[in-house]
Structure formats: structure tokens, C-alpha cells
Amino acid sequence: MKILVTGGAGFIGGNFIRLFLNEKPDGQVVNLDKLTYAGNLESLKDLESDPRYRFVKGDICDEVLVGELMKDNIDVVVHFAAESHVDRSIKDPHVFLYTNILGTHNLLNCARDAGIPRFVNVSTDEVYGSLGPTGYFTEESPIQPNSPYSASKTSADLFCRAFFETYSFPVITTRCCNNYGPYQFPEKLIPFFITNLMDDQPVPIYGDGLNIRDWIHVEDHNRALMAVIEKGKPGEVYNIGSRQEKTNMEITEILLEEMGKPDSLKKYVQDRLGHDRRYAIDPEKLEKELGWKPQKSFEQGIKDAVAWYRANEGWWRPLKEKVST
Ligand SMILES: NC(=O)c1ccc[n+]([C@@H]2O[C@H](COP(=O)([O-])OP(=O)(O)OC[C@H]3O[C@@H](n4cnc5c(N)ncnc54)[C@H](O)[C@@H]3O)[C@@H](O)[C@H]2O)c1
């Protein structure tokens, strides 16, 4: 199987490529990535000499380049490339519209022209907006994005839906909860907190710290994507979640405890604009129809993540310096 991965120099896409090539000895990967601030080829250094892997630097909005790549006997497109940081979308939404909406549309168009038999659009639970204290998002929940980031991902999802309904183009959308794990850019909550605590720096807690997210280890997310590639039904949406809801405060306390750091490193800051209160996913459809289940408990996953960031300072320090200057 030959797959075209977009955004494979980022966090989830990079972990996906490694998993895919480990599990599929005769698999091949073409990784198309623009290398924005979030893309980092250091994460895939071990694959550089693997003949099954090819990196192409480029923009998913480039019609000519994407058109050529799609014609290279691609069996599946797995589309991760995106602007992915909510706080950045609040400061400047424009690039989110460019990459997340126009880029996804360009990929769909070129994939349809080339007759690609399967396209997986990697989306987010944030398209559903915010939940009250009870209940879960299902694939039938209303789409109610609240941030420029989630509005752009929603638009991409709707173009995928339209390509299936209008052209019978075989696209599947997945909507996953918050990920954590190795190679996550240190501006995102868990690696940001781990790396701050390693340096005895305070960790900023938005508002009252009681916003709730469902947290999944990146490997569990990627195993769900493998199941969707193999058994997912075109035109469907699959929610991916791990039933491990945590408040930001709980995460902070787990990390302080795990890393042996004092409570005085908690620093309360003004809440994020439009901050969704709670996201929680019901992954039953994926579990029942495709036989997937998350494997990693949050407790184990967070221990592994702390150990990884401790062992890989050479990977994250230059990135953290780049965004803080
Ligand atoms: N991180 C999460 O918790 C999470 C949860 C659910 C869904 N998602 C979705 O999963 C996908 C991957 O997320 P991530 O956390 O790995 O993101 P990331 O920011 O770590 O990586 C994004 C990658 O896309 C590349 N890219 C950006 N614009 C591009 C363009 N125009 N052309 C080509 N490449 C471009 C970047 O260089 C980078 O390598 C995104 O679509 C995101 O919306 C993420």
C-alpha cells in the first residue's frame, strides 16, 4: 500500500508514518509537508535512509505539485496538514483559512481528478463546540465550532462531506480528541507544561483551570486511523476518543506530582477567548464497527511522555527557543 501523508513532519503525522512503516513492511509513504514552524524533519531522521519513505517539501495548496503527487500510484491519502494551534488562530485566523480550508479543498480536487480510492481527513472534536457537564459528542452531534481554528476545520469537513455527496468521492472524516505523546510541539499544553517544569518555570493555567478535555495517546489515535484506512466506510465520520476526561487543573497536578515539583509553579492567567468548557467523545461507532480500542491509560501515557521529553531535550529545546524569540 502506498500512502500520501500530508503534514507528516508534524506531531501526529510523524508518529503515524513511523507506526505505518513499522506495521507494514511493504508499505510506502510519500510525506508532503511545507515545514511551517510546526514541521520538523528531525522527528523523522531515522527514516531518511529508508527506501520506502520519501519526503517532498511543498504546500498542500499547490495545485501542480499536489496533482503530480496524486498520480504516483497512491492508494490512500491521509491528510494531517493543518494550522493546528487554537491560540494562534485567535491572534490571526487568516493562515487557518488558507491551509485548512483552501488546502483541503485543493487536495480533494486533485485526489478526485487522479481517482484516488481512499482519502482520510483527520479532523477534531473541536468542530462540535462545547458540551455541558454531562453527555458526549457522537457523529450526529450538531457542528458548532467556536474558535477560528475549529471553524476552519469544520469548513474542511464540510467540503469532504460535499465531495462524497456530490461526486461520490471516497472520503472518510475522523474527529479525534486532544492528543499527547512524543514529538509534540512544545507550545501545546502537555509538552509545554512538562518542559516548563523541567526548567522550574511556572505553568500558566487559563481561568479557573476547570476546562475539560478527553486525552488520547497519539499512538492510540494513529491505530484508529489504521483501522479506518483498512475498514472504514467511505462517506462516514468516525469519532476517536479514549474516555479519559481531565480538567487542566488535574493535568497540572498529575504533572507536578510525577515530576516532583511544587504547587507554587501554578500560575493563573486570563482565560482564553471563547474557551470551550468541555469536550468528550463517544467512540462507540469506531469500537463496534471497526474493532478499535484505545490501549494506553492516561496515567501510563503521561509517565511515558515525561520520560520522553526528559530524554529528548535536543529535540524540543531549539523549538521552544524558536517560538519564544
Ligand atoms: N494535536 C491534537 O491534539 C489534534 C487533535 C485532533 C485532531 N488534530 C488534527 O490532526 C492534524 C495534525 O495535528 P498535529 O497536532 O500533528 O499538527 P502539527 O501542527 O504538529 O503539524 C502540522 C503539520 O502540517 C504542516 N503544514 C502546515 N501547513 C501546511 C501546508 N499549507 N502545506 C503542507 N504542510 C503544511 C506543518 O509543517 C506541520 O508539519 C491536524 O489536522 C489537526 O487539526 C490534532
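Reader: Which side chain of opposite charge is nearest to Asp 33, and how far away is it?
Author: In this predicted model, Asp 33 belongs to strand β2, which covers residues 28-33, and its position is buried. A salt bridge would need a side-chain nitrogen of Lys or Arg within 4 Å of a carboxyl oxygen, and Asp 33 has no such bridge. The nearest side chain of opposite charge lies 8.2 Å away and is that of Lys 57.

Reader: How many residues apart are Tyr 180 and Phe 298, the two members of an aromatic pair?
Author: The structure holds 16 aromatic pairs, and one of them joins Tyr 180 to Phe 298 edge-to-face, with 5.3 Å from centre to centre and 65° between the planes. Both Tyr 180 and Phe 298 are buried. Tyr 180 sits in strand β7 (residues 178-180) and Phe 298 in helix α10 (residues 298-311), so that the pair links distant parts of the chain, 118 residues apart.

Reader: Which residue lies over the face of Tyr 167?
Author: Tyr 167 is part of a cluster in which ring pairs link it with Phe 119, Phe 163 and Phe 169. At 3.6 Å from the ring centre of Tyr 167, the residue lying over its face is Arg 112.

Note on methods. Residues numbered from 1 in each chain as written. Predicted model: local features only at pLDDT ≥ 70, side-chain atom pairs only at ≥ 80, totals over all residues. Heavy atoms only, no water. Phe/Tyr/Trp six-rings, centres within 6.5 Å; stacked < 30°, edge-to-face > 60°. Helix = DSSP H or I, 4+ residues; strand = E, 2+ residues; numbered from the N terminus. Buried < 20%, exposed > 50% of the residue type's maximum accessible area, 1.4 Å probe, protein only. Lys NZ or Arg CZ within 6 Å of the ring centre and 35° of its normal. Lys, Arg positive; Asp, Glu negative; His and termini not counted.
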